[in-house]
Amino acid sequence: MHPILEFFSLQVLDDRLLPDSKRKQQVISKSHISRWNTWEFRIYLLVFLFIVPFMYKTCMDASNETNPNYNRFQHLLSQGWMFGRKVDNSDSQYRFFRDNLPMLVGLIVLHSGLRKLVGLGFTIQRTTFDFVFGIVFLFGAHGYNCLRIYFHVFVTYLLARLIPKPKYATLACWIWAVSTLFINDNYRTVQFGSLLPSLSFMDQFHGIIARWDVFYNFTLLRMLSFNLDYLNAKAEAAAFKPKKDDNDSGTETHNILEKQNPSTTPILSDKERMNNSLPLNEYNVFNYISYITYTPLYIAGPVITFNDYLYQSFNPLPTINFKKTAIYGLRLLFCILVMEFLLHFMYVVAVSKTKAWQGNTPFQISMIGLFNLNIVWLKLLIPWRMFRFWSLVDGIDPPENMIRCMDNNYSAMAFWRAWHRSFNRWTIKYIYVPLGGSRYRILTSLAVFSFVAIWHDIELKLLMWGWIVVLFLLPEITLTNMFKPYSDCWWFRHVCAVGAIINIWMMMFANLYGFVLGGDGMKLLITEIFTSSDGLKFLVSSCVCLFVAAQVMFELREAEKRRGIDVRC
């Protein structure tokens, strides 16, 4: 049992989640003894053993060949490879990844093989390889549209260089970066030939990925990271007043930006790698393009800051080794197989696309929604872990994006810390902290979620979604602070579980409306729940099950604390 628990543990995903020895002892001292062997939790585990398989069966009954609505969505199914069953490959985003997976694996092998061969035959810096391979890859991926990306990239670079005061340069970089999202949304299809007839040949080759603007959003994050890190280093250099040696007037005896010999440089922590500035001469065009076009992380991240990328390029981390990378690869393979199982046995994406849920019970509709959300989670997790695995094989360790299963969340605040974690860390470093952090929590949170919404898509409803998320967080923040003094009381855990039930329902309804059922499906679900006896029974039983689930989630986190791990989500 221990090897299985170890395989699915947090530390397998990312060494950043492991605390230092001092912090570890503090976390352990605040944890309580295990409750797994108490009668209370034995009952909870029995509920799990019955309810979870029943949830799977209900969802399969509501979306398989035996359901009366099958004829309405079977045209969206394709021939699968599992046990002669069809597969629901109707989600366009995951279909693009799934259909191109063999080519992606080939690219990983090619990139890794070339890296090894070049390293054996030539003595060059790894950033030189990243620079050359990245430029070739970008042209192959987007064709001549890569010039549109380079235009945005170099305008931002020039703004950071030509505006003398870092504060104003920072503001200009932000304004331009956000503006590029609107520019791309309105002018991404402008033909080169319409600008100059002699350039019409450039409109004939769009590369493998014609929609260059979709992946540009991740380029924008790297673009800002480089230039904001540079401006911060420039401000630090201006503020630093070097001491002068009596025997060598005008010579600095200590330079906080001086780059040391990699063989003697101490291994920096994750936080130090993110925040410690580099020598100003390292913020050059060559390193800029190497970072922007770094192939393993170019398409979808995870996002790594420039300071961290360049540090790791010269100082390989001891946490990267064959065993850990192989185990991480097996975790990735496990997730892919889970996704394949769901797509072959639960056609919930096709059901939601055709709204084929007439005659289903509230429980069946809710399970269609729940497993749809799990597929949304998996379709993001799998590419992110694939690209991170590629980066680990290549010797660069970016942050893990998903550290919790979607179903293992009871707090809206904690959910956003664990979801797209590298982006979350990016927004904290470049938006939340510079604007005042927790001193102005509501205003800084509004700024963060406003940017997140615009970054995802230029739509008013997404901007409204970002503001609503902040409003959803307010009750949890208020009640958490209100009840925190009673954390040692016996009833505190149970009150928290009741709060978790409300949180989970809110997150479920918000995500079901936005990503799965839409307005019609949500209206049907709510009507069925509150206007029928079956619906009311479902509501009560669901709340009981969510109470049990919350208690188990609490204890899972306490088990992590007993090992010294507290990731606050």
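1. Trp212 and Tyr216 sit four residues apart in helix α12, so about one helical turn separates them. Helices here are DSSP runs of H or I, at least four residues long, numbered from the N terminus. This is a predicted model, with pLDDT of at least 70 needed for local features and 80 or more for side-chain atom pairs, while totals for chains, interfaces and linings use all residues. Residues are numbered from 1 along each chain as its sequence is written, and side-chain values use heavy atoms, leaving out hydrogens and water.

2. The rings of Trp212 and Tyr216 make an edge-to-face pair, 6.4 Å centre to centre with 70° between the planes. For the pair rule, centres of Phe, Tyr and Trp rings (the six-membered one for Trp) lie within 6.5 Å; planes under 30 degrees apart are stacked, over 60 edge-to-face, the rest tilted. Both Trp212 and Tyr216 are buried (under 20% relative accessible area; exposed is over 50%, partly exposed in between, with a 1.4 Å probe and protein chains only).

3. By that rule there are 45 aromatic pairs. Take Phe139 and Phe205: a tilted pair at 5.4 Å between centres and 45° between planes. Phe139 belongs to helix α8 (residues 126-142) and Phe205 to the loop between α11 (192-195) and α12 (212-239), so this pair links distant parts of the chain, 66 residues apart. Phe139 is partly exposed at 33% relative accessible area, and Phe205 is partly exposed too, at 35%.

4. Now the charges. Arg148 lies over the face of Phe192, 4.4 Å from the ring centre (the cut-offs: NZ of Lys or CZ of Arg within 6 Å of the centre and within 35 degrees of the ring normal). Arg388 does likewise over Tyr328, at 4.9 Å.

Key. Helices (H or I, at least four residues) and strands (E, at least two) are DSSP runs, numbered from the N terminus.
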